[in-house]
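Hi,

Here's the structure I said I'd pass along.

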Amino acid sequence: MSLALVTGASFGLGAEFADQLAARGHDLVLVARSRDRLEETAERLRTAHGVQTHVVPQDLAEPDAADRVAHELSARGLTVDVLVNNAGLGTCGRFEEIDPRREHDQVMVNVVALVDLTHALLPGMLARGSGAVLNVSSVAGYQPSPYFAVYSATKTFVLNFSLALREEYRGRGITVTALCPGPVETRFFDTIGRRAAVGSFTTPEPVVRAALRALDRDRAYVTPGLSNQVVAHLTPRRPRTLVAAITKRITRPALEPEPAAQPATT
Ligand SMILES: NC(=O)c1ccc[n+]([C@@H]2O[C@H](COP(=O)([O-])OP(=O)(O)OC[C@H]3O[C@@H](n4cnc5c(N)ncnc54)[C@H](OP(=O)(O)O)[C@@H]3O)[C@@H](O)[C@H]2O)c1
């Protein structure tokens with residue numbers, strides 16, 4: 001049975017990836033920081049789908065995170081066939097006002113851990129002549145996004161990295177696909193504190209279903225949802241300075257403070 005490793009499997013899209021991959025019969029390695037959440041998910045999926053599940057708690061912002069995960073895999077004799085690089089976080093606001101440590105962690109998780117894990121697992125896939133890598137980017141990766149400057153740059157990296165690798169490994173049994181979702185109903189915007197700035201959300205289920213379909217069909221990238229596809233395919237890419245200026249008009253409302261939560265009525 002094929003083994004899939006999902007990073008950020010404790011919440012949101014990653015938890016949904018774990019659900020849908022288990023329903024397809026994949027054994028799973030679940031990676032994130034929240035050990036309890038991962039163990040609950042692992043137990044539930046083992047019972048519901050009869051698959052084997054393995055939990056590897058790891059902070060992916062640590063510089064040697066991928067080495068530690070790879071070491072754990074080899075100690076347990078696990079060979080990964082499908083790598084889902086999903087873990088990620090965002091920041092929003094005026095660059096000088098954002099906590100630099102959070103920006104640093106964001107680059108470590110969204111970019112460094114993703115590259116390092118791919119380095120750790122792709123050679124084995126090549127040696128076996130089969131494997132799949134699914135990297136989670138974002139519609140924010142299609143253009144520079146003022147007030148999401150570091151986040152959108154990390155997601156542009158993920159998209160271009162995925163497209164480049166896909167070309168390198170064409171014909172060698174490896175597929176590489178990027179997922180570029182628009183807003184999805186997860187903890188993501190709560191964590192960055194900008195939920196109110198987003199118009200509408202979709203749920204994780206159709207996003208992950210579209211991603212796995214794209215993986216099956218060896219698509220280079222997928223952007224679920226019609227309005228997101230308009231952003232992906234119809235937004236002009238140049239002149240780049242003008243694209244950044246237009247995007248700033250769209251992202252500026254994210255600077256507004258979140259409205260205070262209404263007190264519960266009895
Ligand atoms: N939600 C959206 O609107 C949206 C849109 C486009 C793209 N995305 C992308 O989708 C991916 C998943 O995000 P989500 O929406 O599901 O957000 P989420 O609900 O906040 O989940 C994020 C996941 O990443 C893990 N993670 C964060 N920091 C980590 C760290 N230092 N080490 C290990 N794991 C870490 C979290 O696990 P722990 O906290 O347990 O470590 C959690 O499982 C991200 O790459 C995000 O950029 C989201």
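Which residue's side chain has an N or O atom 2.9 Å from a nitrogen atom of the ligand? That's Asp 59. Before you read on, keep in mind that this is a predicted model.

A couple of other polar pairs around the ligand are worth a look. Thr 186 puts a polar side-chain atom 2.6 Å from a ligand oxygen, and a polar backbone atom of Phe 11 is 3.4 Å from an oxygen atom of the ligand. On its own the ligand has 870 Å² of accessible area, and the protein covers 96% of that.

The shell holds 30 residues, and the ones that come nearest to the ligand are Ser 10, Arg 33, Ser 34, Tyr 151 and Thr 186. By type, the shell splits into 15 nonpolar, 11 polar and four charged residues.

I also went through helix α3, residues 65-75. Ala 65, Ala 66, Val 69 and Leu 73 are buried there. Looking down the axis of α3, these buried residues fall within an arc of 95°, so they line one face of the helix. Their cover includes the strands β1 (3-7), β2 (27-32) and β3 (53-57), plus helix α4 (100-128). Over on the other side of α3, you'll find Asp 67, His 71, Ser 74 and Ala 75 exposed. After α3 comes Gly 77, with a positive phi near 70°.

Cheers

Definitions and conventions
Residues are numbered from 1 along each chain as its sequence is written. This is a predicted model: local features need pLDDT of at least 70, side-chain atom pairs count only at pLDDT 80 or more; totals for chains, interfaces and linings use all residues. Side-chain values use heavy atoms; hydrogens and water are left out. Buried means under 20% relative accessible area, exposed over 50%, partly exposed in between (1.4 Å probe, protein chains only). Helices (H or I, at least four residues) and strands (E, at least two) are DSSP runs, numbered from the N terminus. The arc is that of the directions from the helix axis to the C-beta atoms. Contact means heavy atoms within 4.5 Å. A residue is near a molecule or strand if one of its heavy atoms lies within 4 Å of it. A polar contact is a pair of N or O atoms within 3.5 Å; within protein, one must be able to donate a hydrogen and the other to accept it, and residues adjacent in sequence count only if both atoms are side-chain atoms. Accessible areas come from the Shrake-Rupley method with a 1.4 Å probe; for residues, only the protein chains shown count as cover. Ala, Val, Leu, Ile, Met, Phe, Trp, Tyr, Cys and Pro count as nonpolar, Asp, Glu, Lys and Arg as charged, and the others, Gly among them, as polar.
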